[in-house]
Amino acid sequence: MCCSSSIERDKALMGEPEAFDISTVKGMKFFDPHVHMTSRTTDDYQAMADAGVVALIEPAFWLGQPRTGLDSFRDYYSSLIGWERFRSSQFGIKHYCTIGLNSREANNESLAEQVMEILPLFIYKEGVVGIGEIGFDDQTAAEEKYYRLQLELAKEAGLPVQVHTPHRDKKKGTQRSMDIALEHGLDPYSVIIDHNNEETVKEVLDRGFFAAFTIYPFTKMGNERMVDIVKQYGAERIMVNSAADWGISDPLAVPKTAALMKMRGLSDQDIELVTYRNAITAFAQSGQIDEADFNAQADLTEKFEGNTILRGGQQPRPDKSSIIIS
């Protein structure tokens, strides 16, 4: 009873939420530079394609519980450059990834040492556009050690870096992440600082880094706040992503944010920069991104190691409005 009355009170204060009208952004193209599709369903791929998402980047991250052996990392990295890349292609979305040892699991040093040994086997593969997501979680000495080692790996490979900034004490962690990247001689233009907020954005931009913002319910950024940030700071070197994963998240966060920006009076040029162009500019420094590859017609007869999501020769878009499943 109390929960119900609380919800009704919140509705009265905020009003009913506005429905997402896909026609608002019809004809626009979107690039989601941080989304964990391993955690998502094929329905999400269909919805993203319908909303105009033509390309995405899937950063390596933790799976919700600690991995206990090197082979689980090896298989996970293999899936990012193999099966997931194939699965995405079946819906006409170009899939890229970043490869790295995430900050949370860097604290298991005996395993982290082994992971560092296999990273060079993956970072030069087709479709790998950066080292990531790496950085700080609890801001421990072990996290810093493996962050530094991976920055050196990025320099050696000539790849951009995708930096995860911590949820706790974010400003300090963000500043430290940038300081260390500069200590290692990285060009800030090759470093994407992710999960920014109002507290960090000015310094990130002032120091020449790319500033990425995660539109994620409750825990990171709302897209109304994002509109205000773009109005205040402009669109240069700013990008938005969904970071949709196994948590309560929205793989349509990028097109929804574009729609809200359009409704709130931002120019089409600024919207394109924030939801498409800036991500391409940042990660194309890997030499792996070519817009001509976007919206390529998938060969639906193709299989990945003998497997396909299109079992029995089905098409990737069933009629979901029908009660009959044939």
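How many nonpolar, polar and charged residues does the lining of the largest cavity have? The lining has one nonpolar, three polar and three charged residues, where Ala, Val, Leu, Ile, Met, Phe, Trp, Tyr, Cys and Pro count as nonpolar, Asp, Glu, Lys and Arg as charged, and the others, Gly among them, as polar.

The model is predicted: local features need pLDDT of at least 70, side-chain atom pairs count only at pLDDT 80 or more, and totals for chains, interfaces and linings use all residues. Residues are numbered from 1 along each chain as its sequence is written, and side-chain values use heavy atoms, with hydrogens and water left out.

Grid points are joined across faces, edges and corners, and a volume is the space filled by probe spheres set on the points. The structure holds one cavity of 30 Å³ or more, and the largest cavity has about 30 Å³ of space. Its lining consists of Lys171, Thr174, Gln175, Met178, Glu199, Thr200 and Glu203. Helix α7 (residues 170-183) supplies the largest share of this lining, four residues; helices (H or I, at least four residues) and strands (E, at least two) are DSSP runs, numbered from the N terminus.

The second largest pocket has a volume of about 390 Å³. Of the 19 residues that line this pocket, Trp62, His164, His167, Lys220 and Asp245 lie nearest its centre. The lining of the second largest pocket divides into six nonpolar, eight polar and five charged residues.

Helix α5 (residues 109-118) packs against helix α6 (residues 141-157) at an angle of about 5°, and the axes are 11 Å apart. Axes are lines fitted to C-alpha atoms, for helices over the stretch in contact, and angles run from 0 to 180 degrees between N-to-C directions. The angle makes α5 roughly parallel to α6, a term for angles under 35 degrees. In this contact (heavy atoms within 4.5 Å), Glu109, Ala112, Glu113 and Met116 of α5 meet Ala142, Lys145, Tyr146, Leu149 and Gln150 of α6. Five of the contact residues are nonpolar, one is polar and three are charged.

The count of salt bridges (a side-chain nitrogen of Lys or Arg within 4 Å of a carboxyl oxygen of Asp or Glu) comes to 24. One of them joins Glu84 and Arg87 (2.8 Å, N to O); both residues lie in helix α4 (residues 83-89), three residues apart.

Terms used: On a 1 Å grid over the protein atoms alone, a cavity is a set of points where a 1.4 Å probe fits but cannot get out, and a pocket is an open set with protein on both sides within 12 Å along at least five of seven lines; lining residues have an atom within 4 Å of a point. Angles under 35 degrees count as roughly parallel, over 145 as roughly antiparallel, 65 to 115 as roughly perpendicular and the rest as oblique.
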